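Hi,

Here is the structure I promised to pass on.

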Amino acid sequence: MNSSRTLALGMLLVGACHSGSPVPTPVHGATDVGTPTALATDGSYVPAADRVGAVFPAAWRHKAGRVPVFGAHAMVASDAPLGSAAGVEILKRGGNAVDAAVAVGFAIAVAYPEAGNIGGGGYMVIHLADGRVAALDYREMAPLAATRDMYLDANGNLTDRSVVGPTASGVPGAVAGLTAALAKYGTMSLAEVMIPAIRYAEDGFIVDSALANSFRSNAKLIAEFRGSAVFLPNGAPLAAGTRLKQPALARTLRAIAARGRSAFYEGAIAEAWTSELRGAGGIITMADLAAYQPVWREPVRSTYRGYSLLTMPPSSSGGVTITETLNILEGYASLPAYGSAGWAHVLGSAYQRAFVDRNEKLADPAFVKVPIAQLTDKAYAARLRATIGSMRATPTSTLNTAIRDGMETTHYSVVDDKGNAVATTTTLNNLYGSGVYVASAGFFLNDEMDDFAAQPGKPNMFGLVQGEANAIQPGKRMLSAMSPTIVLDREGALLLVVGSRGGPRIITSTSEVILNVLDYRMTLADAMSAPRVHHQALPDSLYFERDAITPAVADSLRAMGYGVAMGRGIGLVNAIMRVRGGFEGVSDPRSAGKPIGY
Ligand code: DON
């Protein structure tokens, strides 16, 4: 892998740091009017009686006891403050949670271009107050001209062409997915829900410090493929406080608002952007666009200690892998003390086993028979649990490849005043996707092709070692880890709307927020601030965020036979929890996100 493969991977810190400095005077349109996730720990928040105070290691950078955002009626939590604002705007105009989620989806395509997109794809899990549930798969698919070995060089070595440049993109699904969701479960017109997005693109918005950092850190990639005129005018990345207008994107959005998905998949705009891409060496054609369809699927339904989960089935691995992990953990009468070596061992071992299955068996169900029933079966989980030693590591294999960092997807959660809930995760894969900016239509294209096993048995960008099931085939969806999830309480009422970004760590970060709330009885804010542990089978080691565990716990784990890796953040979660009198919203303290409720 050359440097461009890792280029976009070092962006984790973008937007992840917040000072405790006082909130500055709001700038009209700014996306960071203050420090949105630097929630106060001023003692003003009284958690519900069933919550237990969390204790984190002394060196851990996020403090327990933060105050969540509260909304008596509704809540939107996303990584982009303007995205959350767009959702709330639609809710206040009378839209439901699906209307608002679609509004957020288009708004973040403008205001959060590193991950929000119309050139990528995603997944949506819906739970309506009347009991209806749905899961929408609008994952990208491999172009019809894709071939199994298309990313190998003449010597059979993996190149970086699945990550960067014009051949890295799957056929985008975002516009098809968002419009399909609105048509089936929304109450407003496309033109109405796209009002905020079009306004952000046409009138512009003030670039905030997180976005400015993002442009600066990714300037080389953006400059390589035509994004300069918009994001690096005069050769310099747009600075915080400047206004960003995106007229080409505004035209595309207006066309979509007027004509629906066909404006993106057929006709002049589609011709223009596909020929622009092909001119640069890409392989997506009008036939690919005509063939693209989002797919309504049955959510994966599972139970955990009496709670119910609704989550995303394949082509994402997220729901099955979370379910398998929680089924393994459910067999323990209680989980070991939070932050202890036992905690890391038990959670890590459960993830490790679930990821072994994920990496080999899960793939696009249109191409591969996926054993969902077996993998989500509690008796099967019990057999896996029996292989976990009391305090010793189980080697996955001898292959040992470093986990790579990457935080370039985005999750948002929406709850409306009727109790309808939507969990959506969407991505370009890497920050700014393949780097290819379609100047004629104003958007970045994804590099989702890297989520395939471009060379089965060899690690991808995330260090995931995946098998033949996820090899490239034309028209196939690449396996994802995206895990939009809705948790219902023991009475079947909405409890949590949750999801994350972070490649394979989506699975761990999403499920750990759930475990922190359900098992460790943390408040939602603490559940989000808490240190996380990750294991993805290969590389065969436990991965922690720096200072997430004490040196003594690390020593114990090494003595148990674990490789212990430390690094940067695991996931960026946006979650909503129903509490007495309304909803709490929390954006991950690792991000510049912002919940807005009312
Ligand atoms: O679908 C997936 O699993 C990945 N493309 C998600 C990528 C992601 O979360 C980027 N950040 N790490």
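**What I found**

His534 has Tyr543 in S18 as its bridge partner. Before I go on, the ground rules: this is a predicted model, where local features need pLDDT of at least 70 and side-chain atom pairs count only at pLDDT 80 or more, while totals for chains, interfaces and linings use all residues. Residues are numbered from 1 along each chain as its sequence is written, and side-chain values use heavy atoms, with hydrogens and water left out.

Back to that pair. S17 and S18 (residues 542-545) are antiparallel, joined over two bridges; two strands count as paired if DSSP finds at least two bridges between them. Helices (H or I, at least four residues) and strands (E, at least two) are DSSP runs, numbered from the N terminus. The strands belong to an open sheet of three, in the order S17-S18-S19, with mixed pairing. At its edges sit S17 (533-534) and S19 (564-567), each pairing on one side only.

Now for S20 (residues 572-579). Seven of its eight residues are buried (buried means under 20% relative accessible area, exposed over 50%, partly exposed in between, with a 1.4 Å probe and protein chains only). S20 runs antiparallel to S15 (residues 494-498), with two bridges, and Val497 is partnered with Ile576. Two bridges also join S20 to S16 (residues 500-501), again antiparallel; here Arg501 has Leu572 as its partner. With S21 (residues 582-587), S20 makes six antiparallel bridges, and one of the bridge pairs is Val579 with Gly582. The hairpin of S20 and S21 has two residues between the strands, and Gly581 takes a positive phi near 85° there.

On to a helix: H15 (residues 341-361) has 21 residues and spans 30 Å from its first C-alpha to its last, close to the 30 Å expected at 1.5 Å a residue (the expected span is 1.5 Å times one less than the number of residues). Because 18 of its 21 residues are buried, H15 is largely enclosed by the rest of the structure.

Last, a look at Asp519, in the loop between H18 (505-518) and H19 (524-529). What does the side chain of Asp519 make a polar contact with? The side chain of Tyr304, at 2.7 Å. A polar contact is a pair of N or O atoms within 3.5 Å; within protein, one must be able to donate a hydrogen and the other to accept it, and residues adjacent in sequence count only if both atoms are side-chain atoms.

Cheers
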